[in-house]
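Subject: Structure handover

Hello,

Here is the structure I said I would pass on. My notes follow below.

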Amino acid sequence: MADKKFNVKLCVLLPIVLIVTIFLWAVPTSFYGIDALTATQQRVIALFAFAALMWIFEIIPNWTTSLLVIVLSLLTVSDKGLGFLCKPEAGQLVPYKSLMASFADPVVMLFLGGFVLAIVAEKYGLDLVLAKTLLKFFGKKSRFVLLGFLIVISIFSMFMSNTATAAMMLGFLAPVLSALPADDKGRIGLALSIPVAANLGGIGTPIGTPPNATAVRFLEDAGNAVSFGAWSVRMIPYVIIMILFAWVVLQFFFPFKSPTIELKLPENTRKKDWKTIVVWIVFFGTILLWVTEAIHKINSNVVALIPLGVLTALGIFTKEDIKEINWSVLWLVAGGFALGTALQGTGLAKTLIEAIPFGSMSVVLVLVLAGFICYFLSNFISNSATAALLIPILIVVAEGMADPAAANNAQFLAFGGTRAMISFIAVCASIAMLFPISTPPNAIAASTGLVETKDMAKVGIIIGVVGFVLGFFWLTKIFPFAAA
């Protein structure tokens with residue numbers, strides 16, 4: 001079955017992608033109906049189509065598609081690309097250093113710092129100690145144990161990979177599940193608490209999930225920078241509301257038969273030493289620096305490198321630990337940044353703003369439609385890939401509406417402006433959790449054998465709809481960023 005699926009991708013889907021890409025690349029620029037379109041801008045459109053189709057069909061791993069996008073951009077639209085293509089008469093060229101810098105973009109460094117903290121937290125048992133300590137607060141009553149799992153998982157997901165958090169908490173969940181009768185529906189609710197809390201919790205901070213980092217990066221490029229603290233102070237309350245709502249939903253659909261659960265969590269056998277103390281200090285010190293950026297003025301991207309510098313210098317984070325970093329996620333995000341750089345660097349963004357009447361569109365329609373497309377795609381492909389694809393395009397749309405001369409400018413600003421729009425898109429990417437394929441935490445929950453797809457979809461659609469509506473009003477009316 002795996003071979004058959006692979007052959008379909010290779011023999012059917014790949015030719016389709018190549019035909020579409022070549023067609024968009026080769027047709028006369030007049031085909032697009034945009035008078036000012038240049039050859040380099042047309043190539044960027046073709047690259048966007050290539051990335052979108054490759055990410056949707058997953059013909060090759062998503063991170064390898066991102067690498068291909070960067071390489072193709074360097075060869076075809078950069079000032080150091082192929083000589084017969086990258087000529088001045090072809091249109092504005094992108095500095096090759098700007099494209100290569102995608103690999104070391106400040107937001108990539110922010111994520112790198114988050115990965116380092118997560119790795120040392122697991123290595124030195126900090127995650128186990130925190131989880132056990134936090135879960136003890138919720139006692140033995142079944143419904144509060146469920147709430148405990150939701151809260152603890154969501155907190156960890158704000159600072160660790162959602163996938164790593166889900167995998168870790170599955171280990172904690174196993175002894176809890178074994179304490180419940182086989183016919184207790186509450187077991188399903190507990191299993192579903194893993195993906196629900198991991199997906200929602202990641203919304204809380206810029207490093208919680210790649211879509212957040214992508215949003216923060218493009219907002220900064222557009223002159224609408226959002227600090228770590230500014231993001232967190234708005235998003236964490238949203239997460240709290242959604243976690244409490246999810247708690248009610250899970251209890252409604254999967255009520256506990258047993259009123260109490262005896263928690264038997266694994267012990268932390270690691271011996272405490274000076275390294276453990278340093279890890280605790282660095283972990284919480286980094287978080288403190290992130291949330292107090294407005295006071296000390298050190299950019300959160302710079303703060304992210306502090307734990308890497310300190311922990312490597314002290315021999316706590318070693319060359320073996322470097323192998324544990326999720327480089328595929330970093331490269332996937334970098335590919336999205338390269339697309340955005342090409343969009344801006346070739347002047348395509350400006351050309352689209354001038355050619356397409358974004359300034360006269362209904363702001364509500366644009367926000368809702370863009371959010372729905374992001375939500376829909378994220379249920380079927382990586383939310384990181386969805387954000388990397390859509391956010392560079394939507395930044396262009398936002399800039400069109402942010403123009404003071406635009407007819408809908410006043411309405412756009414009343415709805416929170418660019419910051420509201422792009423942060424809402426990031427939220428829409430994270431609330432997509434209908435199927436086991438939607439996110440790695442969903443797949444981990446499905447691996448327990450307790451969760452059927454219909455149960456996951458039932459809970460996912462309710463949380464998705466409520467999260468979508470709440471996210472829209474939360475970021476545009478209730479608690480918006482300063483309009484820009």
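T209 sits in the loop between α9 (186–201) and α10 (210–221); helices here are DSSP runs of H or I, at least four residues long, numbered from the N terminus. T209 is buried, with a relative accessible area of 3% (buried means under 20%, exposed over 50%, partly exposed in between, with a 1.4 Å probe and protein chains only). Apart from neighbours within four places in sequence, T209 is in contact with F111, N162, G202, N383 and S430, contact meaning heavy atoms within 4.5 Å.

This is a predicted model, where local features need pLDDT of at least 70 and side-chain atom pairs count only at pLDDT 80 or more, while totals for chains, interfaces and linings use all residues. Residues are numbered from 1 along each chain as its sequence is written, and side-chain values use heavy atoms, leaving out hydrogens and water.

There are seven salt bridges, each a side-chain nitrogen of Lys or Arg within 4 Å of a carboxyl oxygen of Asp or Glu. One of them joins R217 and D221 (2.8 Å, N to O). These two residues are four apart in helix α10, so about one helical turn separates them. R217 is buried at 8% relative accessible area, whereas D221 is exposed at 52%.

Another salt bridge pairs K323 with E320 (3.2 Å, N to O). K323 is exposed, at 58%, and E320 is partly exposed, at 44%.

E452 and K454 also form a salt bridge, their closest N and O atoms 3.7 Å apart. Through shared partners, salt bridges join D105, R217 and D221 into one network.

Regards
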